[in-house]
Amino acid sequence: MKRAPRFARLSRLRERLSTRDQPFDGWLLIATLSLMLIGWVMVTSASSEVAASLTGNPWYFSIRHGLFLVMALAAAVFVLRIPLGWWKVNGPLLLLVGIALLVLVLLVGREINGSKRWISIPGVPFNLQASEVAKLCLIAYMAGYLERFLPQVRRQWGAFLRPLLILAIIGVLLILEPDYGAVVVMTGCVMGMLLMAGAPWGRFLLLALLVAAGGALLAIAEPYRLARLASFADPWADQFASGYQLTQALIAFGRGSWLGMGLGNSVQKLFYLPEAHTDFVFAVLAEELGLFGAVGVVGLFALLIWRAMAVGRRAELARLPFAAYLSYGIALVIGAQAFINIAVSSGMLPTKGLTLPLLSYGGSSLLVSAVMMALLLRADIETRQAQRRASPAAPRGDGRREPSLAASAPASSPLSQRPAQRQGVTK
């Protein structure tokens with residue numbers, strides 16, 4: 001007798017938290033804005049000492065990140081007003097733009113820390129990272145490709161391998177920069193989208209072996225990559241050289257303990273941990289907010305990816321394949337990049353130069369991540385609109401239910417007749 005009221009309360013709570021009758025998924029928007037706000041706070045905290053040393057203004061990086069946030073939100077609002085049909089039609093063109101940027105960055109790109117990944121554009125207050133734009137272009141192209149050739153992808157090797165050939169071209173350009181982390185993220189995204197499209201498992205097992213062999217060759221081809229692998233295996237063996245970043249990040253995690261040192265009280269950000277406000281901002285977050293703060297941020301990423309996958313599944317059920325695969329691709333990219341960054345900061349993966357989406361300092365990463373979130377919301381809005389048009393008594397945005405077409409039709413209209421009556425007439 002006690003279980004029924006308990007289940008009834010859980011059912012009411014679930015119904016209250018549901019966004020089924022809303023015009024879009026509010027939880028997706030809450031997770032996105034929360035991560036952006038936390039990112040601004042942590043970039044401000046992690047960069048204050050470095051900014052004061054470099055520029056004399058401790059708020060320099062905080063002000064710039066705030067400007068990036070405003071630009072990212074403005075771009076997201078603009079993208080939110082563009083129908084998904086535009087992205088579907090222009091997918092091949094966007095792919096060419098992404099490849100052209102990767103070629104251009106090799107020719108005129110700006111080299112920082114031994115990598116040529118950024119393009120300086122006059123009038124733009126940040127360096128454009130070509131690989132970030134290429135990720136978005138590749139996802140848009142892949143979603144359109146899967147919509148056009150879905151049956152062939154499931155049955156024919158040729159249709160299955162064509163996007164992988166394009167990925168190989170992009171991968172070669174990224175390796176020349178070099179940007180090995182972006183290669184891993186894009187490869188995981190394309191393989192994941194093909195898997196979500198229903199491609200046979202046997203092909204993935206064969207390709208997984210080839211990718212693993214190629215990744216191993218790439219990992220040992222350059223001395224700095226081999227040094228990263230050695231430092232990952234035992235960072236304390238050379239903690240002042242190849243293992244310096246990882247050991248300092250692990251010290252930050254250890255100092256944070258359960259509740260953290262308090263916001264702004266990080267010691268590792270005081271010139272101990274390199275790139276504290278970019279690649280290793282999660283380590284500073286763990287030091288200042290502790291285990292509970294770090295788990296909270298991981299929970300927000302999990303919520304975002306879960307809702308993104310739910311948007312894709314809802315679009316797939318509504319027979320909107322482009323919206324579905326676009327949502328899946330965005331969820332895979334954000335999830336893979338967040339996982340790799342957090343795993344690198346906590347010592348689970350070798351060091352890679354990947355930012356934490358929506359949190360790390362960086363104009364290109366923040367701008368592209370905001371555009372991806374706007375595309376997710378647009379896909380969700382269009383999917384819900386299509387479901388309401390298809391359902392004869394679908395709920396409206398205000399929670400009330402719209403009358404069905406049959407109920408609103410005149411008595412003499414065929415829509416007002418019952419199926420049995422119509423069958424009787426035909427008989």
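1. Glu 275 is found in the loop between α12 and α13. This is a predicted model, in which local features need pLDDT of at least 70 and side-chain atom pairs count only at pLDDT 80 or more, while totals for chains, interfaces and linings use all residues. Numbering runs from 1 along each chain as its sequence is written, and side-chain values use heavy atoms, with hydrogens and water left out. Helices (H or I, at least four residues) and strands (E, at least two) are DSSP runs, numbered from the N terminus.

2. Back to Glu 275: its phi is near 55°, a positive value in a residue other than glycine. Glu 275 counts as partly exposed because its relative accessible area is 32% (buried is under 20%, exposed over 50%, partly exposed in between; 1.4 Å probe, protein chains only). Arg 319 also has a positive phi, about 60°, although it is not a glycine. You'll find Arg 319 in the loop between α13 and α14 (321-345), and with a relative accessible area of 73% it is exposed.

3. One more backbone spot to look at: the peptide bond joining Glu 177 and Pro 178 is cis, with omega about 0°. Pro 178 sits in the loop between α8 (157-176) and α9 (180-196). Most residues other than glycine have a negative phi, and most peptide bonds are trans.

4. Now the chain as a whole. The protein chain has 17 helices and three strands, and 46% of its 427 residues are buried. Taking contacts (heavy atoms within 4.5 Å) with a separation of 6 or more, 69% are between residues 24 or more positions apart. The chain's accessible surface (Shrake-Rupley, 1.4 Å probe; for residues, only the protein chains shown count as cover) comes to about 21,200 Å², and carbon and sulfur atoms own 67% of that.

5. Which residues touch the most other members of the largest nonpolar core? They are Trp 87, Leu 146, Ile 170, Leu 194, Ile 330, Met 372 and Leu 375, out of 112 residues in that core (buried Ala, Val, Leu, Ile, Met, Phe, Trp, Tyr and Cys joined through side-chain atoms within 4.5 Å). Helix α13 (residues 281-317) gives the largest share of this core, 15 residues. If you click on Ile 330, its contacts beyond four places in sequence are Ile 139, Met 372, Met 373, Leu 375 and Leu 376.

6. Leaving out residues up to four places away in sequence, Thr 247 touches Pro 235, Trp 236 and Gln 239.

7. Finally, the surface. Phe 7, Leu 10, Leu 13, Leu 17, Trp 27 and Ile 30 make a nonpolar patch of about 570 Å². Both α1 (3-17) and α2 (26-55) give two or more residues to the nonpolar patch, with the largest share, four residues, coming from α1. Patch members have over 30% relative accessible area and no salt bridge; like charges are joined within 9 Å and nonpolar side chains (Val, Leu, Ile, Met, Phe, Trp, Tyr) within 5 Å. A salt bridge is a side-chain nitrogen of Lys or Arg within 4 Å of a carboxyl oxygen of Asp or Glu. Ile 30 lies in helix α2, and is partly exposed because its relative accessible area is 45%.
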